[in-house]
Every structure is written in structure tokens, then in C-alpha cells.
Amino acid sequence: MESNASLALFRTRSTRAIIADGYRLFTNSFRRLFRASWPVAVLYALAMAFMSSYAITHVIPLIGASQILDPEAAHAELVSTLVMSGITVLLFLVCATLLASCAFSAMRQHAATGDIPRPAHWYGRLDMPVLGRLALVVVCLVVVFGLLGAMLIALCMLAAKTGLTTALVAVGVLTVGCIVLLIPFCYTVYRAMMAPKPSLPFPGYLTGIAHIGTLFVTLLLTGIVTLLLTLIAQLPANILYAANIHSQIGTLGGDEAGMPEGMFWLSFIVFAIAGFIQAYVYLSTFFPLYYAYGSIQKNESERNASRL
């Protein structure tokens with residue numbers, strides 16, 4: 001581990017230092033993080049494999065088969081597939097929340113002690129108080145996202161009545177506006193998770209707006225790194241997706257299906273392996289934002305002190 005001073009949370013940092021120290025803390029603590037989180041990472045990988053395999057073996061074929069099924073059968077098949085798809089997505093989101101709680105638990109320990117301790121047991125550790133706090137935050141964010149999404153859809157429908165060009169411009173402007181409104185939550189979520197007592201992810205929103213430049217650049221650079229690592233980790237999965245889509249296109253053209261009968265289990269195994277790797281790519285994204293939160297808190301405390 002690096003010295004406590006060099007990786008201390010509450011320090012004023014440039015965006016470059018925020019990104020560098022975030023990934024440095026993650027890589028330096030990887031063994032301890034792995035020991036604490038690997039059972040949850042397995043659940044995340046299985047949920048991701050189930051969701052992705054179901055999409056390949058059921059959702060994609062249904063798109064092609066809907067053109068040859070009678071309307072009543074197609075509707076019944078569509079409803080059952082959508083319900084099952086929703087279940088797989090919900091299961092994946094639950095496992096992603098469990099995995100995120102491992103990151104926040106480690107960051108809370110680091111904020112309090114300057115170190116991420118080694119778990120006592122080989123089967124990891126699930127911090128239930130942190131998980132409960134994160135569940136509250138996730139529910140609040142789902143409500144916010146739902147309200148913004150509903151408002152965006154309603155405004156786009158109104159804009160569509162004035163013409164295609166106006167609708168496209170409105171969709172672009174409103175989408176950018178929603179993204180800008182959501183960026184400050186990157187700060188408020190960490191503020192809620194790091195607070196001594198559980199709280200909602202709304203206090204501090206104006207502070208997040210004041211530091212939206214730091215948050216945006218941190219998100220952008222972290223997103224680029226995550227995307228590149230995801231493309232590498234998901235390369236076999238992406239090949240399977242492409243092969244299935246190509247097979248479905250050929251089926252629509254009258255060719256025989258070229259995928260093996262055991263495609264679900266083949267896809268499941270490939271996606272599970274990729275998902276386990278992806279779990280730690282996903283975990284790494286939390287640490288740069290952790291230092292963005294710490295830098296903002298330090299800047300705000302210095303600003304408040306200067307006013308006294």
C-alpha cells in the first residue's frame with residue numbers, strides 16, 4: 001500500500017490526480033478487495049451470464065420469428081419474453097448493487113482509517129449496514145431517473161407534433177439537459193454513503209453543481225477507461241452476439257440456423273467468465289469518483305474556513 005498521506009481522501013487534487021489516485025488505490029488494494037468481494041462477483045457474473053444468454057437465445061430469435069408467427073402467438077410470446085427479460089435485468093441490477101456495496105464498504109474503511117483491511121474470512125465479507133444504505137440511495141435514484149425519463153418522453157411527444165426536425169433537436173437538447181442534471185448526483189451519492197449516518201442522496205446537490213466540471217471530466221475519463229476495458233473483457237461475448245445476429249439474419253433469408261443446439265449453455269459459460277472479469281472493471285470505476293468527492297469536500301471546507 002502507498003503511504004496514508006499520498007492516498008488520503010481529503011486532499012485538493014487536480015482531475016488528473018483524482019483519476020490516477022483512484023486507480024492506484026484500486027490496484028494497490030486489489031488482493032484485499034478480491035478476497036472481500038469474490039463471492040459477490042461470482043453472483044454478478046452468473047446474473048450477467050443469465051441475462052445475456054437469455055437475450056441471445058430468446059430475445060434475438062423472437063425478433064426474427066415475430067415475422068412468421070401469427071399475431072396472437074407472437075403477442076403471447078412477446079409478453080412472456082418481456083417478463084422474463086425484466087426478471088433477468090432486475091436480478092442483474094440487484095447483484096450489481098451488492099457488488100457496489102463492496103466498493104463503498106472498502107472506501108468507508110479507507111476514509112476512516114487510511115487503509116483497506118484484509119477480510120478475516122476467505123469467503124469474503126458483505127457489509128449489511130452499507131448495503132442497506134446503498135439500497136436506500138438506489139431506490140431514490142430510481143425514482144429520480146423515472147421522473148426525468150417520464151418528463152423527457154412527455155416533452156419529446158409534444159415536440160414531435162411540431163415536426164421531425166424540431167423533435168430531433170428537442171430530444172438532443174433535453175437529453176443533454178437531463179445528463180447535466182444527473183451529474184451532481186455523483187457527488188451527493190458519495191456524500192450520502194460516506195456520511196456518519198444514513199441519508200438521502202439529495203443534500204449537497206448545489207455543491208455538486210458548483211463542481212460539475214470536475215465531476216464531468218472524472219466521469220468522462222473513467223468512462224473511457226471502463227469502456228476500453230469492457231470491450232477487452234467482453235470480446236468473446238461480443239463475438240457470440242455478432243454470430244447470433246448474423247445467424248438470425250440468415251434465418252430470415254431462408255437459411256438454416258447455424259448455431260448449435262446447446263447455445264444457451266455455451267453462451268452462459270462465456271458470459272459468466274467475461275462477467276467475473278467485468279465485475280472488477282465495474283468495481284474500479286468507483287474509486288476515481290471517491291477521490292473526486294474527497295477533493296470537493298476539501299475545497300468546500302477550505303472555502304468555508306476562508307469566509308470566517
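Select Cys186, Tyr187, Tyr190, Arg191 and Met194 in α6 together with Phe286, Leu289, Tyr290, Tyr293, Ile296 and Gln297 in α11, and the display shows where the two helices meet, contact being defined as heavy atoms within 4.5 Å. Helices here are DSSP runs of H or I with at least four residues, numbered from the N terminus. The residues of this contact divide into 9 nonpolar, 1 polar and 1 charged, where Ala, Val, Leu, Ile, Met, Phe, Trp, Tyr, Cys and Pro count as nonpolar, Asp, Glu, Lys and Arg as charged, and the others, Gly among them, as polar.

This is a predicted model, in which local features need pLDDT of at least 70 and side-chain atom pairs count only at pLDDT 80 or more, while totals for chains, interfaces and linings use all residues. Residues are numbered from 1 along each chain as its sequence is written, and side-chain values use heavy atoms, with hydrogens and water left out.

Now look at the axes of α6 and α11, which lie 9 Å apart at an angle of about 85 degrees; axes are lines fitted to C-alpha atoms, for helices over the stretch in contact, and angles run from 0 to 180 degrees between N-to-C directions. The two helices are therefore roughly perpendicular to each other, a term that covers angles of 65 to 115 degrees.

Next, select Leu215 in helix α8. Leu215 is buried, at a relative accessible area of 1%, buried meaning under 20% with a 1.4 Å probe and protein chains only. Not counting residues up to four places away in sequence, Leu215 touches Ile183, Pro184, Cys186, Tyr187, Gly208, Ala292 and Ile296. Between the C-alpha atoms of Leu215 and Ile183 the separation is 6.8 Å, although the two are 32 residues apart along the chain.

Staying in helix α8, move to Thr226, which is also buried, with a relative accessible area of 16%. Leaving aside neighbours within four places in sequence, Thr226 is in contact with Tyr23, Val281 and Thr285.

Finally, turn to the largest pocket, with a volume of about 1,000 Å³, and centre the view on Val138, Leu141, Phe145, Tyr282 and Phe286, which of its 28 lining residues are the closest to its centre. A pocket is an open set of points on a 1 Å grid over the protein atoms alone where a 1.4 Å probe fits, with protein on both sides within 12 Å along at least five of seven lines, and lining residues have an atom within 4 Å of a point. Helix α4 (128-160) gives the most to this lining, with 8 residues, and the lining divides into 24 nonpolar, 4 polar and no charged residues.

How values were computed:
Grid points are joined across faces, edges and corners, and a volume is the space filled by probe spheres set on the points. Buried means under 20% relative accessible area, exposed over 50%, partly exposed in between (1.4 Å probe, protein chains only). Angles under 35 degrees count as roughly parallel, over 145 as roughly antiparallel, 65 to 115 as roughly perpendicular and the rest as oblique.
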